[in-house]
Amino acid sequence: MFLSLPEEVYNTMRWKLPWFFKHGKSQDLWLDTELVVVDLELTGLDAAEHEVVSVAWVMIKRGKIVLAESRYMLNRSVQHLSQSPVFHGIDETQLEQGHDIEVIMSELAKALEGRVLVCHNILLDWSFIKKAFLEMGIVTRPTQMLDTLKIEKSRLLRQHQAVIQDQLRLPVCRARYGLPNYQNHNALSDALATAELLLAQVNHFDSEKHIKLSALL
Amino acid sequence: MTQTGMTAELQDVLNFVSKQSPLNELPSASAHYFVNHSEMVYLTAHNQADALQGEEKYLYLVRTGIFDLVDVSGEVITRLSTGDYFGYPSLLTGEEIQSHLEVQSPGLILMLPQISFDFLRREYKVFEQHFVKAHKKRLLSSHYQERSKGWSERKISKLMTKSAVVIEPSATIVEAAKVMQVEGVSSVMITENERLKGVVTDRDLRNRVLASELNPEMPVSSIMTPEPKFIFENNRVFSALHLMLKHNIHHLPVLNEERVPLGMVTSTDLLRLQNSDPVQLIGQLYKASSTQELKLLAKEIPVLLRSFSNTVEDISFVGTLLSGLTDALMSRLTELFAKQHGKAPCSFSWICFGSQAREEQTLDSDQDNGLIFCNDIKPAERAYFASLGEFVTSHLVECGIRACPGNIMASNEHCRGTVDEWTARFHNWMTAPTPQAMLNCKIFFDRRYICGDQSLYQDLNVQLGEIGQQELFFAAMATDISTNSVPIGLFQQFKLQRSKDKSKYLDLKTRGVAIINDLVRIYALKCGISKANTQARLKALKDHMQLSKRDIYNLQDCWRFLTQLRLRSQIEQHQLPANCINPETLSSMERHQLKEAFHLIKQAQQACVFKFARGSL
């Protein structure tokens, strides 16, 4: 269960960087960048073994969250929910009203085209997306990837605070910026929560006008 | 609940939006529309200018954070927190946004573009009305200083147009008449070294000169009304009216803080204002010919107060108004008693204590009053005052002012007495500070003259001043104050009380306002300030070294804030005990301010104990 140990993952990231980290448009201004904040609900943590239950994303354009362009899609082709409804609360009857994973992934691929992918703990979500894209022959790549967890971690480290894993959980990070608690938990509310966290993080750096994407990587 | 597919609903944002007025009154489709057409930004000091001054116009709704809306001149129009809108004036008028934001604490803002705002306006009448109304209110409040301030709240100095017409006391009556003719005024002030000595009016010239065939070459001082009533420029118009109606005078000299005459306010100046309700009511109270008529008039007081409290900005004025009405009731009842039972056998004076004296009476306040009579009263003459006290207090009850549960009323013989007897009572309490004595001090040290012979009241004040500063008394009082704690716990949490039906509440009066009153009283006593009103005392304390300017401002603000909340709780009445409030009904900013206020009171309490009791708790 390699992915359940993000601490280690980050330590080894330097030589595992995918191509786009080196070639992306990191000199672009943050305000000129369109970002897609994604959250997945999963049946487990291992991309090789587990499945995607639902995908949600929220769009950020010119520093604003465009609520109308949010998407939340359930995967009706899930094979084994097993114990995961305990976490996401989605059962089979709900799934029946969803979409096939191919539809979902091609929608997501369209959204990601030419945009920056943002997640809270991106390696987990990306491992699932990457696998799905690969299986379906989708070649879309986000231009960049941002991780709100990583941004938060380096911010805390810069302040010379010892970082315990628990402090990097999404609600804990949000609380640090005075953002409200979410009552409903699903992929969409988590995606929006992550998007809001990113806006707060960006604006705590400096005036967002001058922020370059590279500062967030 | 969550829908799937193309139109994903953001449940939490939707919940938030649909709770906001006016959307909470509209079909749920309106909130869906709002959310699906909004964008969200995180607003900080850095990016607020860019976010607000784009080409497109938006309606802004604050989701988190605190922002001050500041107008072009740099004045704060309003403070915005969760659930507040801004930007609508520009949407309604099409003009550019004039104001800007000062970010107190950054947060999330929902932005609804003009085109969607217009859609909701067209679709829902209530939505349109909400923002048109809010816009009107904003316009009013931004010009509040100039226009919408209630006339009775206006300062005398705004009303007074002419500069002071004055003449020396040695001038002749003829000279005085000529000055009045040239200036075109109906009265003249007699001054010596810029000090007001007297007033001469048209009527004096007729009654005291022509009708009495007095030689007009006599000095004007021989016909003036010496030591006339006057008013300070910073007093309210309401106070001037009150004074003129009470003493049946038509000319009232206006002085500045240094007591230099500035001008005259006449009854005609005020005449055009007379059609307003509170003044009419006070005027009618002073003229009522029977107790029945008084009772009928008194029934209008709660109605008047409720309509009035919505229009006044400075809420402390409501207390002043109610005390003024009670004063009028008491003096008219005294006159009615004299009509029925003959004149008083010796000189006497009505005084009031507690909330009436502090001019912070509310509709729930009870009576606290007493009678002073002159020292040479004969034992047989006391019976008259016993029945006077009984008459006035029982009729006050019928007029809606509750009897005092502690029996501090002139119907009780312990609340009647000669100047010397009153002095002895105070002396007792101050030298033997038992808990009961401390309680008495709290009530009796806030006192105010109402009607009758004012010199008796002044004699009492002089004698009390001579008792001197008892260290022990102040220490006991400071200790007593510190036993009453503010409802704030160790970690800045409210400590709530529970009512019988288990709803939680905070008592704003006994655990907030009353502590400030107690604190201010002890400092005022220490400095020999004879005023009873807490705000007036605080103002007077600025000239003494007991409290720093900053502490005084803090206490003033706390008092105002708490009083405002308290009066609001009385008007809105959430099924809680009187003067109590459930902090959950407050906005997050008000909760924050309330905690801050309690915190300041706590600090002031500690400082007071340290100062007067030397920390000996």
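Let me start with a question: is B:Glu359 buried or exposed? B:Glu359 is buried, because 26 other C-beta atoms lie within 10 Å. The cut-offs are these: a residue is buried if 20 or more other C-beta atoms lie within 10 Å of its own, exposed if 12 or fewer, and partly exposed in between, with C-beta atoms placed from the backbone. B:Glu359 sits in the loop between α16 (354-358) and β16 of chain B. Its phi is positive, near 60°, and the residue is not a glycine.

Now the ground rules. This is a predicted model: local features need pLDDT of at least 70, side-chain atom pairs count only at pLDDT 80 or more, and totals for chains, interfaces and linings use all residues. Residues are numbered from 1 along each chain as its sequence is written, and chains are lettered from A and ligands numbered from 1 in the order in which they are written.

Chain B in overview. It has 25 helices and 21 strands. Those are DSSP runs numbered from the N terminus: helices are H or I with at least four residues, strands are E with at least two. Of the 617 residues in chain B, 39% are buried. Take contacts in chain B between residues at least 6 apart in sequence: 69% of them join residues at least 24 apart. Contact here means that the C-beta atoms of two residues, placed from the backbone, lie within 7 Å.

B:Asn193 lies in the loop between β9 (187-192) and β10 of chain B. B:Asn193 counts as exposed, because it has 7 C-beta neighbours inside 10 Å.

On to β10 itself. B:Val199 is in this strand, residues 195-201 of chain B. B:Val199 counts as buried, because it has 23 C-beta neighbours inside 10 Å. Beyond four places away in sequence, its contacts include B:Ser187, B:Met189, B:Met224 and B:Pro253. Take B:Met224: 25 residues from B:Val199 in sequence, yet 5.3 Å away, C-alpha to C-alpha.

Next, a sheet. Four strands of chain B form an open sheet, in the order β17-β16-β15-β18, with mixed pairing. Strands pair if DSSP finds at least two bridges between them. β17 (416-418) and β18 (447-452) of chain B are at the edges with a single partner strand each, so each has one side without a neighbour in the sheet. Neighbouring strands here are turned by 30° against each other on average, direction ignored. β16 (residues 369-373) and β17 of chain B pair in the parallel sense, over three bridges. One bridge to note: B:Leu371 has B:Arg416 in β17(B) as its partner. Helix α18 (residues 419-431) of chain B packs on this sheet, touching β16 and β17 of chain B, and its direction makes about 110° with that of β17(B). For angles, axes are lines fitted to C-alpha atoms, for helices over the stretch in contact, and values run from 0 to 180 degrees between N-to-C directions.

Now a helix pair. α21 (residues 471-482) and α25 (residues 588-612) of chain B pack at about 155°, axes 8 Å apart. That makes α21(B) roughly antiparallel to α25(B), a label for angles over 145 degrees. Which residues meet? From α21(B), they include B:Phe474, B:Met477 and B:Ile481; from α25(B), B:Cys608 and B:Phe612 are among them. The contact divides into eight nonpolar, three polar and no charged residues. Ala, Val, Leu, Ile, Met, Phe, Trp, Tyr, Cys and Pro count as nonpolar, Asp, Glu, Lys and Arg as charged, and the others, Gly among them, as polar.

Last, the two chains together. How many residues of chain A are in contact with chain B? There are 32, and they meet 25 residues of chain B. β3(A) gives the most to chain A's side, with ten residues. That side divides into 15 nonpolar, eleven polar and six charged residues. β3(A) also pairs with β1 (residues 39-43) of chain B, in the antiparallel sense, over two bridges. In that pairing, A:Ile65 has B:Met40 as its bridge partner.

That is my tour. Questions, please.

Terms used: Parallel < 35°, antiparallel > 145°, perpendicular 65-115°, else oblique.
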